[in-house]
Amino acid sequence: VPDGGQTSVVPAARDARPAGVRREAFVEPFRDLLAQVEATRQAALYCLFPSIEEHLGDGWVTIGGRRAASLIANDYLGLGGDAGVRAAAAAAIERLGASRCASPLVGGHTPIHAALEDELSAFLEQQATVTFASGYQANVGMISALMRPGDLVVTDLYDHASILDGARLSGAEIRFFDHNDPVHLGRVLRKLDGRRALVVVEGVYSADGDIVRLDEICSVAHGLGALVMVDEAHSLGVLGEGGRGAAERFGLLGEVDLIMGTMSKSLGSVGGFASGDRALIDAIRHGARALIFSAALPPANAAAALASLRALREYPELRTRLWENALWMRDELEARGFDTMGTETPVVPIHVGDPGAALAFATALRDAGVLVCPAIPPMVQASRSRVRMHVTAAHGRDALEHAVEAIAVAGAALGIGRGDEAAGA
Amino acid sequence: VTGADADQMAQLDEVKARLRALVAATAGVPAEVIEDGSSFDADLAMDSLTFVSLQVEIEKTFDVDCSLDELRAVEPRFDAVARLVARKLEEEAR
């Protein structure tokens with residue numbers, strides 16, 4: 001019985017450890033990274049792991065007891081805070097508890113998961129879908145289940161870490177092709193020598209906010225006998241006439257071999273999924289270790305994603321508003337001399353070019369009541385360091401105007417944007 | 001020095017000139033600071049993503065097959081990578 005912390009189970013003496021045990025040796029590989037973290041803390045520039053205290057709506061949150069415009073969530077359609085989505089999650093908790101505390105294989109699956117999988121399949125015009133507890137697990141699970149040593153996984157240079165981790169875990173050979181370059185992809189695939197190959201691309205690349213050249217990439221890959229998997233994490237609900245992602249935008253829903261998606265972006269929840277032919281999905285369902293050796297997506301998250309998917313289908317005006325907000329933000333920033341790195345989507349970066357300056361920019365903005373994501377190594381190359389924003393349908397114009405004003409002030413103070421040009425950089 | 005040796009040296013010099021420009025652009029450093037013995041990590045502070053970008057750029061610029069594993073197998077030094085690229089070019093020419 002818990003005793004409210006009356007009895008401590010933590011040993012008091014930290015040095016009372018078996019002789020010969022050196023915990024320091026396990027920290028050693030992180031020495032440089034942790035030194036950088038410490039330096040940013042000393043300089044009061046540490047802005048990672050921001051702790052959001054309250055969701056206020058219209059793009060505002062509370063952090064450190066203060067109101068701030070939030071541009072850090074991937075909640076593109078603003079459904080994460082929607083009353084109907086919250087009610088669906090609450091009802092699922094009432095019916096099934098906070099978690100089924102089991103792998104989907106043996107008890108974590110519920111009728112809500114089944115409905116979500118069926119409706120995702122129908123929406124994406126695929127035969128079957130399987131859900132995972134996170135998007136990271138979906139990529140790792142799908143790729144490591146399907147690919148084996150001797151196979152070839154070909155990834156775009158800017159593909160997400162979860163794609164690379166899945167490829168590494170599979171034991172297959174990994175080759176990179178230059179970002180969004182079908183010609184280089186063709187060169188990499190030229191020496192396939194009859195091996196099985198999977199080309200993995202993203203619908204929208206979260207680093208620069210650009211869109212995959214899916215038609216050319218599919219044509220090259222299929223022409224050389226490779227399968228194509230599209231990670232629609234940042235494109236589902238954003239691209240295509242019906243919000244079905246990059247595959248719909250290019251008219252290739254029937255052509256791509258596998259669709260991966262997340263529920264933690266346009267579907268306002270958390271989780272990941274794989275959609276495709278029944279046989280492929282059944283193989284993943286029974287063979288993906290990231291699925292069967294993990295507790296299932298909690299029912300509340302499945303219910304929230306299902307309610308969001310229905311809203312995505314029923315209210316195309318959410319997507320209209322998303323794009324109005326995204327284009328307004330991009331144009332306002334460019335008008336003030338900021339380099340938005342050619343973004344084509346609601347992912348809006350501002351190029352900074354130096355990791356320390358990117359952290360300083362993000363911290364200054366946080367202090368001014370605007371939350372943005374600093375993107376520095378290992379997320380991006382040092383010379384491509386930037387701050388990144390996710391504009392959503394939920395943002396009120398007041399939140400975006402506040403953000404633009406703060407960005408202009410902090411940019412001028414730090415020599416980023418127009419100030420940078422004036423300095424002759 | 002035979003004619004073949006001289007040809008090889010001339011080719012290595014040409015590879016170095018093109019590779020130097022490539023490394024400078026990829027790592028974001030002036031070409032002048034890149035010497036034969038420059039280490040990619042210690043001297044040029046290349047992070048892992050920059051190294052992968054360099055691998056892709058080498059393939060595209062020189063039109064050779066050069067996987068990340070092959071690039072990692074040589075010392076991460078400018079002259080060692082230049083020799084690898086020159087060897088790849090020779091193999092492709094055969």
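Over all chains, the count comes to 30 salt bridges, a salt bridge being a side-chain nitrogen of Lys or Arg within 4 Å of a carboxyl oxygen of Asp or Glu. Before you click around, know that this is a predicted model, where local features need pLDDT of at least 70 and side-chain atom pairs count only at pLDDT 80 or more, while totals for chains, interfaces and linings use all residues. Residues are numbered from 1 along each chain as its sequence is written, chains are lettered from A and ligands numbered from 1 in the order in which they are written, and side-chain values use heavy atoms, with hydrogens and water left out.

**Stop one: a salt bridge inside chain A**

Select A:Glu117 and A:Arg285: they form a salt bridge, with the closest N and O atoms 3.2 Å apart. This pair links distant parts of the chain, 168 residues apart, with A:Glu117 in helix α5 (residues 111-123) and A:Arg285 in helix α11 (residues 278-287) of chain A. Helices here are DSSP runs of H or I with at least four residues, strands are runs of E with at least two, and both are numbered from the N terminus.

**Stop two: a sheet in chain A**

Now show β11, β14 and β13 of chain A, which in that order make an open sheet of three strands with antiparallel pairing; two strands pair if DSSP finds at least two bridges between them. β11 (347-351) and β13 (373-375) of chain A stand at the edges with a single partner strand each, so one side of each has no neighbour in the sheet. From one strand to the next, the twist averages 30°. Zoom in on β13(A) and β14 (residues 386-390) of chain A, paired over three bridges, and you'll find A:Pro374 opposite A:Val387 in β14(A).

Angles run from 0 to 180 degrees between N-to-C directions, with axes fitted to C-alpha atoms, for helices over the stretch in contact (heavy atoms within 4.5 Å).

**Stop three: where chain B meets chain A**

Here 18 residues of chain B are in contact with 18 residues of chain A. How many salt bridges cross the interface of chain B and chain A? The rule finds seven. To see a salt bridge between the chains, select B:Glu92 and A:Arg187, whose side chains meet at 3.7 Å, N to O. Next, colour helix α2 (residues 48-62) of chain B: it gives the most to the side of chain B that touches chain A, with nine residues.
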